[in-house]
Amino acid sequence: MQKEEMVLKYINKIIFLFMTVVGTLGNMSVSVNYMFSWWGSPEKKPIHVILIHLAFTNIIILLTKGLPKTVTAFCLRNFLDDIGCKIIVYLTRVARGLSICTSSFLTVVQAIIISPRASGWRRLRTKSAWHILPFLLFFWILNGLISMNLIHSITSTGLNMSHLSNSNNYCYFMQESQEIKWIVLPLMVLRDAVFQGAMGGASGYMVFLLHKHHQHVLYLQNSKLLYRTPPELRAAQSVLLLMLCFVFFYWTDCAFSLILSLSSRDNTLIANTQEFLALGYATFSPLVLIHRDRLLVECWYVQMEKLRKCLSHLYVQ
């Protein structure tokens with residue numbers, strides 16, 4: 001029995017470390033690539049701003065949730081004091097809300113971009129990428145306010161409280177008043193419902209438009225005419241894959257959290273699985289973008305071309 005527990009703990013350590021490192025590097029690659037595209041392109045695309053923000057949000061989740069969990073899994077000393085614990089847990093909650101809001105916003109903006117010219121949605125298309133920034137600022141303010149209660153209800157387990165069962169290994173959640181619970185919980189549920197409803201509606205609209213496009217392509221192929229898929233539609237397909245990834249990890253995380261809350265005894269396997277699922281979207285969403293849009297290949301190609309031109313220029317001189 002002890003041998004099985006040691007093996008499970010070792011696997012737990014490796015998975016936490018793998019997800020934190022791979023997810024952080026993947027999100028950094030995505031954000032750097034889109035920053036290069038932003039600065040190097042005369043046309044500033046709103047989608048690039050949203051994807052940079054999503055990657056930044058994912059990095060916050062991985063560093064504030066994944067890194068402390070990795071430290072705990074390797075049985076290292078709790079490095080967080082009371083203030084550090086409040087900051088870490090607060091940023092984790094804010095970043096989770098930002099992930100929901102940004103993913104939903106990304107879907108809606110992409111649906112507007114690919115909407116037909118005659119559609120009324122086309123009028124909502126942003127003419128400048130800078131118009132995106134007020135929405136992102138609103139998401140920060142909204143989620144920052146919703147998560148304010150954590151500042152008063154979180155303390156470090158290092159403060160002689162490690163024996164308490166309500167501990168999250170490195171931080172302890174103190175009991176809140178019923179009034180605060182009934183204010184914060186409905187706000188969180190309302191936020192998730194509104195933004196996921198918008199995400200579902202925009203995703204359904206994109207699926208409808210992509211289906212029409214597919215039928216159009218089949219008609220052109222039967223007519224033996226050449227046709228190239230517009231980049232906006234390829235981007236829409238990538239966004240839909242991201243949304244499928246988000247929905248899978250969000251709802252499986254919710255399901256495992258519900259099982260844990262209803263369980264009468266501690267279940268380490270379910271608890272660890274739920275922690276992995278909480279990091280899943282932040283870890284794998286950049287990999288979807290890298291694979292789908294060939295981000296790293298294009299980024300390296302551009303940098304190598306610049307280096308080649310620079311070296312050829314020096315050689316001519």
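Author: Lys 65 forms a salt bridge with Glu 275, their closest N and O atoms lying 3.4 Å apart, where a salt bridge is a side-chain nitrogen of Lys or Arg within 4 Å of a carboxyl oxygen of Asp or Glu. This pair links distant parts of the chain, with Lys 65 in helix α2 (residues 46-73) and Glu 275 in helix α8 (residues 268-293), 210 residues apart; helices here are DSSP runs of H or I with at least four residues, numbered from the N terminus. Both Lys 65 and Glu 275 are buried, a term for under 20% relative accessible area, as against exposed for over 50% and partly exposed in between, with a 1.4 Å probe and protein chains only.

This is a predicted model, in which local features need pLDDT of at least 70 and side-chain atom pairs count only at pLDDT 80 or more, while totals for chains, interfaces and linings use all residues. Residues are numbered from 1 along each chain as its sequence is written, and side-chain values use heavy atoms, with hydrogens and water left out.

By the salt-bridge rule the count comes to three. Arg 96 pairs with Asp 192 at 3.8 Å between the closest N and O atoms, and this pair also links distant parts of the chain, from helix α3 (residues 82-114) to helix α6 (residues 178-222), 96 residues apart. Arg 96 counts as partly exposed because its relative accessibility is 28%, whereas Asp 192 is buried, with a relative accessible area of 9%. Asp 192 also meets the side chain of Arg 191 in a salt bridge of 2.9 Å, N to O, and Arg 191 counts as buried at 4% relative accessibility.

Terms used:
Helix = DSSP H or I, 4+ residues; strand = E, 2+ residues; numbered from the N terminus.
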